[in-house]
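Subject: Structure handover

Hello,

Here is the structure you were expecting, with notes on what turned up in it. Please look through it alongside the text below.

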Amino acid sequence: MAKQDTHNFDGATLTAEGMLYNGFVCQPVVEKCEGCERVRSFEGRDFCYSYPQPASKWSLGRCNFATHVKAETQAKVKVNPLKASKRASKGK
Ligand code: SF4
């Protein structure tokens, strides 16, 4: 049985508006998508198999489907600079 995650856009066609796949008109990926594992090539152009319009996905901030960009907020929460500074001043 074929793996579900191959996503080769079987049955897709290129139209003047973009790639027509599963009833969606897909636009090519944007620069920020570079390195994302969801990018797949079709007819020499790169498309996202999770989102038909990558440019509008990124226009709202970081793409939440991106596999190549880590969320930055979690790392910041773990370090409390005030406590770290107090510890340092106690000479520990
Ligand atoms: S999941 Fe997001 S970052 Fe990845 S290719 Fe699609 S739109 Fe681009």
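Two strands are taken as paired if DSSP finds at least two bridges between them. On that basis strand β2 (residues 19-21) pairs with β3, the two being joined by three bridges and running antiparallel. Please keep in mind throughout that this is a predicted model.

Overall layout

The chain has 92 residues, of which 11% are buried. Its secondary structure consists of five strands and three helices, and from the N terminus the elements follow the order β-β-β-β-β-α-α-α. Among contacts between residues at least 6 apart in sequence, 44% link residues at least 24 apart.

The three-stranded sheet

The pairing of β2 with β3 belongs to an open sheet of three strands, ordered β1-β2-β3 and paired antiparallel. Its edge strands are β1 (13-14) and β3 (24-26), each of which pairs on one side only. Within the sheet, Leu20 sits opposite Val25 in β3.

The loop between β2 and β3 contains Asn22. Asn22 is not a glycine, yet has a positive phi of about 55°. Is Asn22 buried or exposed? Asn22 has 10 of them within 10 Å, so it is exposed.

The hairpin

Strands β4 (residues 39-42) and β5 (residues 45-48) pair in the antiparallel sense through four bridges. They form a hairpin with two residues between them. One of the bridges pairs Val39 with Cys48 in β5.

Glu43 lies in the loop between β4 and β5. Like Asn22, which has a positive phi of about 55°, Glu43 has a positive phi of about 55° without being a glycine. Glu43 is exposed because its count is 10 other C-beta atoms within 10 Å.

The nonpolar core

Which residues make up the largest nonpolar core? There are six of them: Cys26, Val29, Cys33, Phe47, Cys48 and Tyr51. Cys33, one of these six, is in contact with Val39, Cys48 and Pro54, leaving aside neighbours within four places in sequence.

Around the ligand

The ligand has 13 residues around it, and the nearest are Cys33, Cys36, Cys48, Cys63 and Phe65. By class, this shell has 10 nonpolar residues, two charged and one polar. Cys33 and Cys48 come up here among the nearest residues and also in the largest nonpolar core.

Phe65 is in the loop between α1 (54-59) and α2 (73-78). A residue is partly exposed when its count falls between the limits for exposed (12 or fewer) and buried (20 or more). With 15 other C-beta atoms within 10 Å, Phe65 is therefore partly exposed. Not counting residues up to four places away in sequence, Phe65 touches Arg38, Ser50 and Tyr51. Of these, Tyr51 is also a member of the largest nonpolar core. The C-alpha atoms of Phe65 and Glu37 are 9.7 Å apart, while the two residues are 28 apart along the chain.

Regards

Notes
Residues numbered from 1 in each chain as written. Predicted model: local features only at pLDDT ≥ 70, side-chain atom pairs only at ≥ 80, totals over all residues. Near = placed C-beta within 6 Å. Nonpolar A, V, L, I, M, F, W, Y, C, P; charged D, E, K, R; others polar. Contact = placed C-beta atoms within 7 Å. Core = buried A, V, L, I, M, F, W, Y, C linked by C-beta atoms within 7 Å.
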